[in-house]
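Me: I have a structure to go through before I set up any calculations. May I put some questions to you about it?
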Amino acid sequence: MQRMRIKEVLASETPLGEVRIQGWIRTRRDSKTFSFLEINDGSCLGCLQAVYDATLPGYAENLSLLLTGTSVEVTGEIVRSQGKGQTREMQVRGLQVIGAAPETYPLQKKRHTREFLREIAHLRPRTNLFGAVFRIRSRLSYAIHRFFQERGFVHVHTPIITASDCEGAGEMFRVTTLEGAGFAAPGAESRDFFGKRAFLTVSGQLEGETFACAFSDIYTFGPTFRAENSNTARHAAEFWMIEPEMAFCDLTGDMEIAETLIQELIRDALEHCAEDLAFCGEFVDPGLLDRLRLIAEQPFARISYTDAVGILLGSGKTFEYPVVWGHHLQTEHERYLSEEHAKGPVTIFDYPAAIKPFYMRQNEDGRTVAAMDLLVPGIGEIIGGSQREERLDRLTAAMQAHGLSENDYWWYLDLRRYGTVAHAGFGLGFERLVMLVTGVENIRDVIPFPRTPRNADF
Ligand code: 4AD
Ligand code: MG
């Protein structure tokens with residue numbers, strides 16, 4: 001007899017005959033002659049209702065084990081349901097308890113806070129909300145690969161252990177096998193595993209550029225680590241980033257790919273995750289579906305950094321952080337630009353050179369670089385990217401200004417020595433994308449096992 005996932009059972013238009021399903025009990029209700037079991041197997045939001053007849057052999061012994069959380073295998077005929085709320089149900093013929101869950105199972109039939117569920121991160125995927133979030137996350141991951149593969153981009157696996165600080169922000173986790181006193185001793189670095197200081201990557205971009213300068217269009221999709229000590233709802237110490245890099249491409253081409261990517265991913269989710277998104281719209285954020293449709297359909301605004309500063313200064317709003325040309329835009333500024341000014345996603349471009357990393361292409365005005373950040377409502381920055389400095393003399397000058405040694409980046413400079421080309425790319429924070437698509441406000445609730453300052457459980 002065929003084993004089926006509950007999603008297939010509930011979606012099937014044709015009579016299925018007898019099937020076998022496996023899952024976990026969400027709830028049980030008893031009448032005099034039956035028990036109704038709501039079983040979920042994670043394939044979809046919906047549960048299969050299994051009608052367990054009290055006259056079946058073993059019923060009495062099984063009943064005390066059929067509690068919330070228990071795993072079961074049931075076989076039986078799928079029939080049209082008489083009850084309201086579901087179209088089909090199973091008339092159980094055989095039932096086997098696989099693993100019992102006692103009454104102390106932490107996920108009893110009530111709404112739990114997301115903070116509580118973070119403390120039982122191994123069980124939270126069994127709830128409706130996290131089921132929806134992680135199915136959407138999975139679909140988005142697939143849609144990202146599809147987007148790039150269909151356009152001929154080559155997927156590159158860049159290293160997780162690196163020796164360079166791509167973003168120059170110094171927020172890196174050191175990787176070492178040295179212990180105790182050996183760690184601080186003079187010359188320790190040369191005795192370390194790699195014979196020099198090594199770190200967990202903050203970005204695969206520099207390595208990605210080397211492959212773009214051979215394959216033309218590439219993308220990476222991998223874990224990224226930042227030892228930023230900022231306990232915000234949008235920062236994690238370990239997160240996933242998608243970094244496309246395009247040769248023979250300038251900043252305008254870069255912005256176009258970034259905008260098309262966001263729109264296509266949202267369209268894909270609206271089409272393929274309709275049930276889970278409807279759930280998020282009902283229980284997380286009532287404005288979600290309208291906002292997603294708007295983002296998918298309307299063209300994104302583009303504003304230069306200098307104009308953005310003017311808009312913020314002219315807004316009449318009082319911000320916590322002052323608006324000054326040459327300073328970073330804070331989240332409150334980014335959200336104003338997106339939510340109140342553009343009323344949708346907006347790309348800010350041509351940032352002051354002094355606040356951006358060394359690799360960005362210098363503009364002719366001598367004070368800005370060809371950078372872009374894509375800001376979205378509710379979150380702020382979701383994408384950061386730039387055209388890269390492809391001119392050797394300009395790049396080495398920028399490295400000097402940032403206090404970087406040419407010896408450490410000789411391989412990166414070689415790209416500018418041998419057949420240099422205009423190229424550009426960006427990084428999309430995957431968790432921020434999942435936040436945008438689900439409406440969930442805290443990054444800890446869109447990643448399976450969050451790592452944040454003072455928290456690395458499970
Ligand atoms: O703007 P960032 O720092 O850009 C880079 O790393 C470039 N090397 C990308 C490139 O041009 N190839 O990071 C890119 C994106 C941000 O826009 C944000 O969405 C996400 O990564 N991000 C984080 N997400 C979660 N937690 C953090 N601590 C994040 N830091 C950045
Ligand atoms: Mg950034």
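Me: To start with, is Phe194 buried, partly exposed or exposed?
Reply: In this predicted model, Phe194 counts as partly exposed, because its relative accessibility is 41% and the buried class ends under 20%.

Me: Where is Phe194 placed?
Reply: Phe194 lies in the loop between helix 5 (188-191) and strand 9 (198-200).

Me: And which residues form a nonpolar patch on the surface?
Reply: The patch consists of Ile160, Ile161, Phe193 and Phe194, which together have about 390 Å² of accessible area.

Me: Turning to Phe430, is it buried or exposed?
Reply: Phe430 is buried, because its relative accessible area is 2%, which falls under the 20% limit. Phe430 belongs to helix 14 (residues 430-438).

Me: What does Phe430 touch, leaving out residues up to four places away in sequence?
Reply: With those set aside, Phe430 is in contact with Arg137, Leu140, Ser141, Ile144, Phe221, Trp240 and Ile242.

Me: How far apart are Phe430 and Ile379 in space, C-alpha to C-alpha?
Reply: Their C-alpha atoms are 13 Å apart, and 51 residues separate the two in sequence.

Me: Take Leu433, then. What does it touch, again not counting residues up to four places away in sequence?
Reply: Leu433 touches Leu140, Ile144, Ile262, Leu265, Ile382 and Leu428 on that count.

Me: Ile348 interests me. What stands opposite Ile348 in strand 13?
Reply: Ile303 stands opposite Ile348. Strand 12 and strand 13 (residues 346-352) pair in the parallel sense over 4 bridges.

Me: What is the order of the open sheet of 8 strands?
Reply: The order is 6-10-11-16-15-14-13-12, and the pairing is mixed. Strand 6 (154-155) and strand 12 (301-304) are the edge strands, each pairing on one side only.

Me: Finally, the whole chain: how many helices and strands does it have?
Reply: The chain has 14 helices and 16 strands. Its C-alpha atoms fill a box of roughly 85 × 55 × 45 Å along the principal axes. Of its 458 residues, 51% count as buried.

Note on methods: Residues are numbered from 1 along each chain as its sequence is written. Chains are lettered from A and ligands numbered from 1 in the order in which they are written. This is a predicted model: local features need pLDDT of at least 70, side-chain atom pairs count only at pLDDT 80 or more; totals for chains, interfaces and linings use all residues. Side-chain values use heavy atoms; hydrogens and water are left out. Contact means heavy atoms within 4.5 Å. Patches are made of residues with over 30% relative accessible area and no salt bridge: like charges are joined within 9 Å, nonpolar side chains (Val, Leu, Ile, Met, Phe, Trp, Tyr) within 5 Å. Accessible areas come from the Shrake-Rupley method with a 1.4 Å probe; for residues, only the protein chains shown count as cover. A salt bridge is a side-chain nitrogen of Lys or Arg within 4 Å of a carboxyl oxygen of Asp or Glu. Helices (H or I, at least four residues) and strands (E, at least two) are DSSP runs, numbered from the N terminus. Buried means under 20% relative accessible area, exposed over 50%, partly exposed in between (1.4 Å probe, protein chains only). Two strands pair if DSSP finds at least two bridges between them.
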